[in-house]
Amino acid sequence: MKKALITGITGQDGAYLAELLLNKGYEVHGLIRRSSTAEFVDIRLKWLGIRDKIIEHDGDLADLSALIRVIKEIQPDEVYNLAAQSFVKTSWQQPILTGQVTGLGAVNVLEALRMIKPDTRYYQASTSEMFGLIQENIQNEETPFYPRSPYAAAKLYAHWMTINYRESYDMYSCSGILFNHESPLRGLEFVTRKVTDAVARIKLGKQKELRLGNIDAKRDWGDAKDYVRAMWLMLQQEQADDFVIATGKTTTVREMCNIAFNYLDLNAEDYITIDPKFFRPAEVEILLGNPSKAQEKLGWSAEIPLEQMIQEMVDADLERVKSEIYPI
């Protein structure tokens with residue numbers, strides 16, 4: 001039985017990845033940062049019905065000693081580093097914390113593995129936000145990076161350190177440059193979930209409007225369940241490499257809103273209000289990924305259409321709003 005350690009296991013990707021690995025027969029361990037809201041921490045795992053199948057370990061990416069302790073105890077075959085301060089807006093308000101957790105935290109994991117179990121296969125969650133002010137219309141693994149937020153800059157540091165550990169220490173360390181991916185387990189701070197939650201509330205008469213920023217921004221949106229499958233595939237290859245994971249299709253926030261509102265027979269224009277406070281200090285106008293390398297070498301492609309994903313999110317939010325199951 002293979003053993004996997006997932007940092008960020010209580011997040012959207014961590015929960016779906018844990019479910020995938022359990023279905024493949026793995027022993028799944030999760031690094032969990034304790035907080036005063038501990039009763040809500042594992043709510044996504046409970047939503048998927050897998051909470052009792054996970055082996056929890058207290059720890060924090062900022063604490064190298066804790067990572068060494070956990071890796072010594074588990075002796076994992078695979079480590080998936082999904083933990084981060086991952087909300088772009090917050091990274092402007094807390095740039096130092098974002099750098100410490102999202103950037104240096106990844107290096108703490110790599111260093112702990114180098115010292116304790118260097119044959120472990122390591123996955124780093126990189127992001128399309130690293131492309132930022134795009135240098136090419138369609139971004140692939142060779143496209144130059146131009147990060148436009150503290151979050152993207154921290155992720156870029158972690159990305160390059162993953163490459164450096166691979167090349168310097170011959171460790172199996174790879175990065176998935178994932179474009180936007182969503183699901184019913186997405187946090188409320190992200191725009192897709194903010195939209196689907198608002199649509200459910202408006203339909204049920206609990207909200208009157210939806211306030212958004214730049215609704216003409218374009219994103220390449222996929223489904224988280226498809227994307228965690230790509231993470232696993234990356235660690236099953238003969239040699240470590242980095243891959244762009246994307247659908248190859250772009251959609252505006254406005255179009256995504258229309259899908260969600262239309263699903264419940266509502267007109268988006270009747271409810272959306274543009275609020276300048278939701279605009280970023282430095283906007284990323286468009287992101288569009290080229291997944292051809294992943295298709296060729298991993299045999300991976302996105303399978304769940306955007307419309308189906310948004311409808312699933314709306315259905316889940318209708319259920320949550322009716323039953324007041326929060327804070328997912």
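Two strands are said to pair if DSSP finds at least two bridges between them. Helices (H or I, at least four residues) and strands (E, at least two) are DSSP runs, numbered from the N terminus. The structure described here is a predicted model, in which local features need pLDDT of at least 70 and side-chain atom pairs count only at pLDDT 80 or more, while totals for chains, interfaces and linings use all residues. Residues are numbered from 1 along each chain as its sequence is written, and side-chain values use heavy atoms, with hydrogens and water left out.

The description may begin with the sheet. Seven strands form an open sheet with parallel pairing, in the order β3-β2-β1-β4-β5-β6-β11. Its edge strands, each of which pairs on one side only, are β3 (55–58) and β11 (243–245). From one strand to the next, the twist averages 25°; axes are lines fitted to C-alpha atoms, for helices over the stretch in contact, and angles run from 0 to 180 degrees between N-to-C directions. In general, the strands of a sheet pair through backbone hydrogen bonds, either parallel or antiparallel.

Individual pairs can now be followed across the sheet. Strand β1 (residues 3–7) pairs with strand β2 (residues 27–32) in the parallel sense, over five bridges, and Thr7 stands opposite Leu31 in β2. Further along, β4 and β5 run parallel and are joined by four bridges; here Asn81 stands opposite Gln124 in β5. Six bridges join β5 to β6, which also run parallel, and Ala125 stands opposite Gly176 in β6. Strand β5 (residues 121–127) is mostly covered, since six of its seven residues are buried, where buried means under 20% relative accessible area, exposed over 50%, and partly exposed in between (1.4 Å probe, protein chains only).

Helices accompany the sheet. Helix α1 (residues 12–23) lies across β1, β2, β4 (78–81) and β6 (173–178), and runs at about 170° to β1. In helix α4 (residues 64–74), the buried residues are Ala66, Leu67, Ile68, Val70, Ile71 and Ile74. An α-helix has 3.6 residues a turn, so residues three or four places apart point the same way. The elements that cover the buried residues of α4 include β1, β2, β3 and α6 (95–116); contact means heavy atoms within 4.5 Å. Just after α4, Gln75 takes a positive phi of about 55°.

Is Tyr157 buried or partly exposed? At 37% relative accessibility, Tyr157 counts as partly exposed. Beyond residues up to four places away in sequence, Tyr157 touches Gly103, Leu104 and Val107. The C-alpha atoms of Tyr157 and Ser126 are separated by 9.7 Å, although the two residues lie 31 residues apart along the chain.

Two helix pairs involve α10. The axes of helix α8 (residues 191–203) and α10 come within 10 Å and cross at roughly 30°, and the crossing is right-handed. A crossing is left-handed if the near helix is turned anticlockwise from the far one by less than a right angle, and right-handed if clockwise. Val191, Thr192, Val195, Val199 and Ile202 of α8 make the contact with Val253, Met256, Cys257, Ala260 and Phe261 of α10. These residues divide into nine nonpolar, one polar and no charged; Ala, Val, Leu, Ile, Met, Phe, Trp, Tyr, Cys and Pro count as nonpolar, Asp, Glu, Lys and Arg as charged, and the others, Gly among them, as polar.

In the second pair, the axes of helix α10 (residues 253–263) and helix α12 (residues 306–323) come within 9 Å and cross at roughly 55°. The two helices are therefore oblique to each other, given that angles under 35 degrees count as roughly parallel, over 145 as roughly antiparallel, 65 to 115 as roughly perpendicular and the rest as oblique. The crossing of α10 and α12 is right-handed. Met256, Ile259, Ala260 and Tyr263 in α10 meet Leu306, Glu307, Ile310, Gln311, Val314 and Asp315 in α12, and the residues of this contact comprise seven nonpolar, one polar and two charged. Glu307, which is found in α12, counts as partly exposed because its relative accessibility is 41%. Its C-alpha atom is separated by 6.6 Å from that of Ile259, 48 residues apart along the chain.
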